[in-house]
Amino acid sequence: MKIKGIARKFPKDVDTDAIIPARYLNTQDEKELGKHCMEGIRPGFYDEINTGDIIMADTNFGCGSSREHAPIAIKGAGIKCVVAKSFARIFYRNCINIGLPVFECSKAFDESDEGDVISIDLENGVIYNETKNLSFEATPLPEFVRDIINAGGLTKFAKKFIK
Amino acid sequence: MGMTAAEKILAKHAGKKEVKAGDFVFANIDLVLGNDITSPVAFEQFKSLGAKEVFDKERIALVPDHFTPNKDLKSAANAKMVREFARQHQISNYFEVGRMGIEHVLLPEQGLVLPGELIVGSDSHTCTYGALGAFATGIGSTDAAVAMATGKAWFRVPETIKFIFKGDLQKWVSGKDLILAAIGKIGVDGALYQVMEFCGEVIEGLSMDSRFTMCNMAIEAGGKTAFIAPDDITLEYVSERAQRDYQIEISDKDAQYAETIEIDVSELEPLVACPPSPANVQPISKIDNIKIDQVVIGSCTNGRLEDLRIAAEILKGRKIHPNVRMLVFPGTQQIYREALKEGIIDIFVEAGAAFSTPTCGPCLGGHMGLLAEGERAVSTTNRNFVGRMGHPNSEVFLTNPALAAASGILGRIASPEEVE
Ligand code: SF4
């Protein structure tokens with residue numbers, strides 16, 4: 001599957017409190033959480049973006065708490081993929097488990113600017129910057145992780161183990 | 001070739017003789033933890049999984065500690081969801097307000113997390129139980145739902161970084177300073193996907209309370225978990241509490257480490273982690289007259305009896321600065337009672353502090369003490385991110401309980417040495 005959207009760039013060490021402040025954690029509603037996405041670091045982000053946009057971040061994106069509300073808020077805001085130099089561990093696995101595609105790619109971050117048009121082939125992790133006519137290859141996802149994604153997320157993957 | 005303790009625990013729980021860093025395993029879990037923020041999300045996933053029953057009603061712990069006693073209607077509804085799930089599935093380890101404590105203080109105290117076990121919790125500070133020699137790590141709500149339904153979770157076997165602490169500790173230096181020193185050294189992503197194993201003579205002499213504090217903050221360096229090899233101190237703590245049999249695991253002598261880092265503590269002063277990062281550490285002697293509005297003593301990092309005792313020792317017979325509010329949150333009801341018996345609560349109240357029932361409250365800017373715009377706090381908690389304790393333009397400085405108490409008296413970030 002291919003997706004296409006506008007690059008929204010973020011610095012290193014964006015934590016989950018910045019992605020979704022704790023005061024909004026009393027709801028699980030994807031749309032509601034989406035409205036407050038990135039409020040801790042970029043107030044007004046939700047109104048600024050379009051459905052299909054792509055977050056591009058520096059290192060250690062999603063550090064801090066285990067709140068699944070963080071990737072849910074990103075998904076709820078309409079972001080279709082997160083590309084970062086590196087991810088915090090729990091955030092990374094939460095994305096996989098809820099089916100929000102994530103790719104590690106340093107070059108794509110370094111050589112793309114805010115507002116560039118980006119398309120991504122989710123199958124092979126090839127990231128194409130249409131504005132600059134540059135192509136990048138993300139670290140491919142490990143086979144085990146691909147199995148979970150191909151099954152349609154962790155809940156579907158784990159169904160076979162239910163009594 | 002030998003294995004690290006982390007590799008051994010994961011191998012055993014995955015039914016394998018051997019695993020190595022980088023392998024993926026789908027392993028059996030000894031205990032799954034959830035709280036009132038993360039569990040409601042997990043319950044929805046649990047339903048969509050089509051699960052009818054939990055895998056084992058004695059191996060799930062539900063602790064409503066974050067927005068409880070309920071801060072508003074939405075959190076009351078969430079806490080109710082947790083309560084109803086616990087009743088419906090007859091979860092034996094559900095802790096109601098009044099019996100509840102902050103999860104990472106409560107579970108070890110109740111003997112629900114043990115050496116050699118594989119624990120997952122939908123809370124990032126689940127790594128705290130590494131202090132007992134368990135492999136314990138934070139997961140998300142979907143992971144938690146699957147773990148509650150199947151008793152299983154997936155893992156990428158992590159590498160381990162070995163930290164050797166040596167030298168003699170100076171007065172007022174505690175577990176908090178040791179972990180801040182480590183985070184300051186390697187940075188907030190210095191242990192990404194890795195285990196931080198703490199050892200050396202300093203660790204061997206450390207109390208359980210201080211060990212919990214250290215392991216609690218491994219996540220602040222990006223760590224998957226922390227680990228301290230069980231010794232006599234661990235076993236003494238565990239033996240009077242354990243609710244199950246357990247088997248300890250320690251790293252082999254020839255285990256492969258990603259890195260070995262030595263930290264000499266002889267010159268180490270108490271540290272202050274300045275906003276907005278736990279890695280932004282400064283020795284207290286370099287901190288110059290920073291005025292404060294609030295002091296928070298408590299949380300899963302420093303809300304144990306030892307922490308309260310140290311703070312009370314400094315506060316005894318003194319008053320909190322007129323411009324400062326001090327909030328004290330014990331980790332559990334048991335700690336609350338001990339503090340009551342020892343006269344510690346009286347010391348806090350006499351000094352002018354507010355003493356609360358256990359809750360996460362202010363630690364995550366949830367309730368019971370948020371910071372207004374432009375305010376500054378000294379806190380014994382674990383995070384000082386932008387807006388962590390309230391307004392985005394408020395600031396949090398992290399310290400050990402001794403510094404927090406001294407700062408409360410002087411109205412600025414200070415060392416106990418400066419208190420007359
Ligand atoms: S005390 Fe703070 S860090 Fe600990 S579990 Fe509660 S909110 Fe999280």
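How many salt bridges does the rule find across the interface of chain A and chain B? The rule finds two, a salt bridge being a side-chain nitrogen of Lys or Arg within 4 Å of a carboxyl oxygen of Asp or Glu. This is a predicted model, in which local features need pLDDT of at least 70 and side-chain atom pairs count only at pLDDT 80 or more, while totals for chains, interfaces and linings use all residues. Residues are numbered from 1 along each chain as its sequence is written, chains are lettered from A and ligands numbered from 1 in the order in which they are written, and side-chain values use heavy atoms, with hydrogens and water left out.

**Interface of chains A and B**

- In chain A, 42 residues are in contact with 48 residues of chain B, where contact means heavy atoms within 4.5 Å.
- About 3,900 Å² is buried between chain A and chain B, and carbon and sulfur atoms give 61% of that area; buried area is the accessible area (1.4 Å probe) that two parts lose on being put together, summed over both.
- N26(A), R89(A) and R93(A) supply 18% of the area that chain A buries against chain B, more than any other three residues.
- R93(A) also meets D143(B) in a salt bridge between their side chains (2.8 Å, N to O).

Helices (H or I, at least four residues) and strands (E, at least two) are DSSP runs, numbered from the N terminus. Axes are lines fitted to C-alpha atoms, for helices over the stretch in contact, and angles run from 0 to 180 degrees between N-to-C directions.

- Helix α6 (residues 175-186) of chain B packs on helix α8 (residues 208-216) of chain B at an angle of about 25°, with the axes 8 Å apart.
- That angle makes α6(B) roughly parallel to α8(B); angles under 35 degrees count as roughly parallel, over 145 as roughly antiparallel, 65 to 115 as roughly perpendicular and the rest as oblique.
- The crossing of α6(B) past α8(B) is right-handed, meaning that the near helix is turned clockwise from the far one by less than a right angle.
- From α6(B), G175(B), K176(B), L178(B) and I179(B) meet S210(B), T213(B) and M214(B) of α8(B).
- The residues of this contact between α6(B) and α8(B) are three nonpolar, three polar and one charged.
- Helix α11 (residues 305-315) and helix α14 (residues 401-410), both of chain B, have axes that come within 8 Å and cross at roughly 30°.
- α11(B) and α14(B) are therefore roughly parallel to each other, and their crossing is right-handed.
- Residues making the contact include I310(B) and I314(B) of α11(B), and A405(B) and I409(B) of α14(B).

**Backbone features**

- T68(B) and P69(B) are joined by a cis peptide bond with omega about -15°; P69(B) is in the loop between β3 (60-63) and α3 (73-88) of chain B.
- The peptide bond from P275(B) to P276(B) is also cis, with omega near 0°.
- D13(A) is not a glycine, yet has a positive phi of about 60°.

Note on methods:
Nonpolar A, V, L, I, M, F, W, Y, C, P; charged D, E, K, R; others polar.
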